[in-house]
Amino acid sequence: MSNVILPPGWKIPESRATPEAVFQNRREFLKMMGIAGAGVAGALYAGPAWAQSSLWQRLFGEDKVLNKNFKTLPSLTRNPDFTYRRAMTKEDVALKYNNFYEFTSTKEGVWTMIDKFKPRPWKFKISGLVENPMELDVDELIEQMPVEERVYRHRCVETWAMVVPWAGFPLKALIDKVRPTSKATHVRFISFSDSVAAPGQRKTRQPWPYTEGLTMDEALNELAFMVTGVYGHQLPKQHGAPLRLAVPWKYGYKSIKSIVGIEFTNRQPETFWNTLIPHEYPFESNVDPEVRHPRWSQRREKMIGTGEIFATQKFNGYGDWVADLYS
Ligand code: MTE
């Protein structure tokens, strides 16, 4: 078991982070030698056995199986302020291990259930307490925004974690465009409704559509990021195409996927998980190893793909950016 000790300020130069290729080659070598514990973890995260079979992949093609029918993005500048101190998660691992309850509660099954979901064309609406409300096509919006790449950690409350290179724009850039009024205290995010494509939404006792929320100060924080792509291409369906949120100092369920609308309000909005199980999913939900969760000890976390274990860090290691919000 290894721990990460972050230097003051947690930021390290990009040159000191393990590049993905080096990391992957090392794993390949270990696997070849038959000594990689990661092999077992990798198999666990690789998806259902039928879909892993070479026959299936030969019949339908690896891209089809992984839903890799997305566009490559023009090359993006990686923002050096947002480095990380762990190896990047392998793309195919992240693509095959998801939480997307609209489709299924089985993490390994999401990518096999998203064929009918059509994230384009996609209308996106900003409403509520703003001077400049908008309703436009998502690609029209993305074209107007300053898109860059940021490598972020992601920490699920179920204690799995990953490190991925998101493409997107700061939520603040969008907020500046719509100019909230002085009455706005919170931001509510709303995901899509489509019970034909998304069988999970047929569970009528759940409060669909999936919604989430932030305080205005959280939404204006530099870390809050609207994600449009990952690993250099358009965001795949299983990661929340065409547009999702990434708030890496909070548990993963706050990072709502496939957003159709943002509403500025003057009260704390209800959220999907908080409505379902309030004592397990508080509105704030910052990553914190000291705050007990009734189902999962939050002291440690496990990287998907490699199975490496790390001690959980308060604010998921992003305290320099956000601690002030809560002092
Ligand atoms: N957004 C929607 N619309 N539906 C979901 O089920 N799951 C959340 C979050 N956003 C979820 C969602 C949870 S619990 C996690 S951990 C992350 O998405 C997972 O993101 P990933 O599958 O891209 O890793």
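**Ground rules.** I am working from a predicted model in which local features need pLDDT of at least 70 and side-chain atom pairs count only at pLDDT 80 or more, while totals for chains, interfaces and linings use all residues. Residues are numbered from 1 along each chain as its sequence is written, and side-chain values use heavy atoms, with hydrogens and water left out.

**Whole chain.** I looked up the secondary structure and found eleven helices and twelve strands in the protein chain; these are DSSP runs numbered from the N terminus, helices being H or I of at least four residues and strands E of at least two. Of the 327 residues, 54% count as buried, that is, under 20% relative accessible area with a 1.4 Å probe, protein chains only.

**Strand β7.** I then turned to β7, residues 225-230, where six of the six residues are buried, so the strand is largely enclosed by the rest of the structure.

**Its partners.** I took two strands as paired if DSSP finds at least two bridges between them. Strand β4 (residues 160-170) runs antiparallel to β7 and is joined to it by five bridges, with Pro170 partnered by Phe225. Strand β9 (residues 244-246) also pairs with β7 in the antiparallel sense, over three bridges, and here the partner of Phe225 is Ala246.

**The hairpin.** Strand β8 (residues 233-234) is antiparallel to β7 and joined to it by two bridges, and I noted Gln234 as the bridge partner of Gly229. The two strands form a hairpin with two residues between them, and Tyr231 in the turn has a positive phi of about 50 degrees.

Key:
Buried < 20%, exposed > 50% of the residue type's maximum accessible area, 1.4 Å probe, protein only.
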